[in-house]
Amino acid sequence: MSESLAEQWRAARPPVAGVHLDSAACSRQTFAVIDAAAQHARHEAEVGGYVAAAAAAPVLDAGRAALGALTGLEGADIAYTTGANNALDMLLSSWPGERTLACLPGEYGPNLAIMAANGFDVRPLPVDADGRLDVEAAAETLKADRPPLVHLTALASHRGTAQPMAALADVCRDLDVPLVIDAAQALGHLDCAVAPSAIYSSSRKWVAGPRGVGFLGVRADLAQRLKPRLPPPEWGMSLTVMERLEHGEANVAARVGYSVALGEYLAAGPERVGERLAEVGAMTREALADVRGWRVVEAADEPTAITTLEPVDGADPQQVRAQLIAEHGIVTTYAETLRAPFEMAAPVLRASPHVDVTAEDLEQFVKALAAVT
């Protein structure tokens with residue numbers, strides 16, 4: 001089954017130039033996604049942008065329905081955004097209450113910046129030695145001093161540790177505390193259908209949609225409490241909260257491409273894709289376990305396809321990434337400490353292959369990494 005999925009995934013895309021081990025940053029789009037976005041752009045040129053956008057409404061609604069199914073929300077709870085950062089900023093800027101939230105110590109740096117820009121104080125949730133949320137301890141902490149919001153980055157940018165989304169969602173429901181999930185790395189990778197109060201993600205990672213588009217999902221009970229900045233409420237426009245959050249100029253072609261990518265992901269089977277990604281992560285960690293000068297951070301059986309390599313003999317991950325591209329055509333990620341400023345002590349190298357990676361690809365990576373190190 002996994003081999004068939006890998007073959008289908010590879011055949012649906014342009015041939016890769018080299019080896020792509022960077023899906024946690026940006027996956028490769030299919031011919032269908034590329035063609036859908038291009039066709040919409042052509043339609044804009046033929047009939048005008050707003051007429052073309054109206055014609056694309058059923059496709060965009062299908063994308064919202066897909067996102068609702070993948071998050072445990074409804075299609076009406078979904079607004080398109082320009083990406084994950086935009087989604088979080090819109091949500092937090094619309095929050096009407098006290099501006100305090102609880103999050104992991106390893107919270108994503110740009111998220112922390114958005115929280116600070118919107119006047120939020122953050123306090124840490126308890127975690128274990130791997131940075132994974134300690135659910136029981138978190139439940140006691142939240143019960144003793146309930147914050148206005150809880151925020152969970154379900155799968156980090158700097159470490160491939162899957163967080164217990166469903167368990168924390170249950171805790172927050174029991175305590176009547178809104179839970180916001182950053183699913184930028186989790187959507188298309190892990191099961192995100194936990195019906196949180198809010199959830200957001202980008203298109204370009206594991207779902208393999210275009211860049212510059214994402215979504216914000218807000219459950220109806222929380223949406224009723226939000227006060228979006230735009231359009232000003234005194235204008236009296238007859239828009240719902242989600243319509244107000246989505247209001248404004250948009251790259252509709254990218255949204256069309258995202259909707260197509262979501263349809264392809266659902267057709268491939270989320271459970272099937274997740275199982276294959278867990279298998280890919282295990283393959284990658286096994287292949288890299290003995291590369292001199294590097295330590296694999298994640299446990300071998302961590303159910304994600306993100307593998308983090310920590311230098312142990314002074315290698316510079318930024319320089320190594322550049323050499324891998326220039327000399328071997330292998331794309332990885334350089335993860336600087338700003339990705340998790342309260343947890344990372346030094347930069348790391350990240351490998352994040354998708355379901356189509358082969359044993360030969362990983363062998364090529366191991367040899368190249370040894371050479372440039």
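Modeller: The expected span of a helix is 1.5 Å times one less than its number of residues. Bear in mind that this is a predicted model.

Colleague: What span does helix 11 reach from its first C-alpha to its last?
Modeller: Helix 11 covers residues 252–268, which makes 17 residues. At 1.5 Å a residue, 24 Å is expected. The computed span is close to that, at 24 Å.

Colleague: How many of the residues of helix 11 are buried?
Modeller: A residue counts as buried under 20% relative accessible area. Among those that pass in helix 11 are Val252, Arg255, Tyr258, Leu262 and Tyr265. The helix is mostly covered, and of its 17 residues the number buried is twelve.

Colleague: Which residue follows helix 11?
Modeller: The residue after helix 11 has a positive phi, near 100°. That residue is Gly269.

Colleague: Is Lys205 buried or exposed?
Modeller: An unreviewed UniProt entry annotates Lys205 as "modified residue: N6-(pyridoxal phosphate)lysine". Lys205 is found in the loop between strand 7 (198–202) and strand 8 (214–218). Leaving out residues up to four places away in sequence, it touches Ser23, Ala24, Ala25, Ser27, Ala184 and Gln185. Because its relative accessible area is 10%, and the cut-off is under 20%, Lys205 is buried.

Colleague: How much space lies in the largest cavity?
Modeller: The count is one cavity of 30 Å³ or more. Its 14 lining residues include Gly106, Ala156, His158, Gln163 and Glu343, the closest to its centre. The lining divides into three nonpolar, seven polar and four charged residues. The space in the largest cavity is about 100 Å³.

Methods. Residues numbered from 1 in each chain as written. Predicted model: local features only at pLDDT ≥ 70, side-chain atom pairs only at ≥ 80, totals over all residues. Heavy atoms only, no water. 1 Å grid on protein atoms, 1.4 Å probe; cavity = no way out; pocket = protein on both sides within 12 Å on 5 of 7 lines; lining within 4 Å. Points joined across faces, edges and corners; volume = space filled by probe spheres on them. Nonpolar A, V, L, I, M, F, W, Y, C, P; charged D, E, K, R; others polar. UniProt positions renumbered as here; feature names shortened; annotations may be inferred. Helix = DSSP H or I, 4+ residues; strand = E, 2+ residues; numbered from the N terminus. Buried < 20%, exposed > 50% of the residue type's maximum accessible area, 1.4 Å probe, protein only. Contact = heavy atoms within 4.5 Å.
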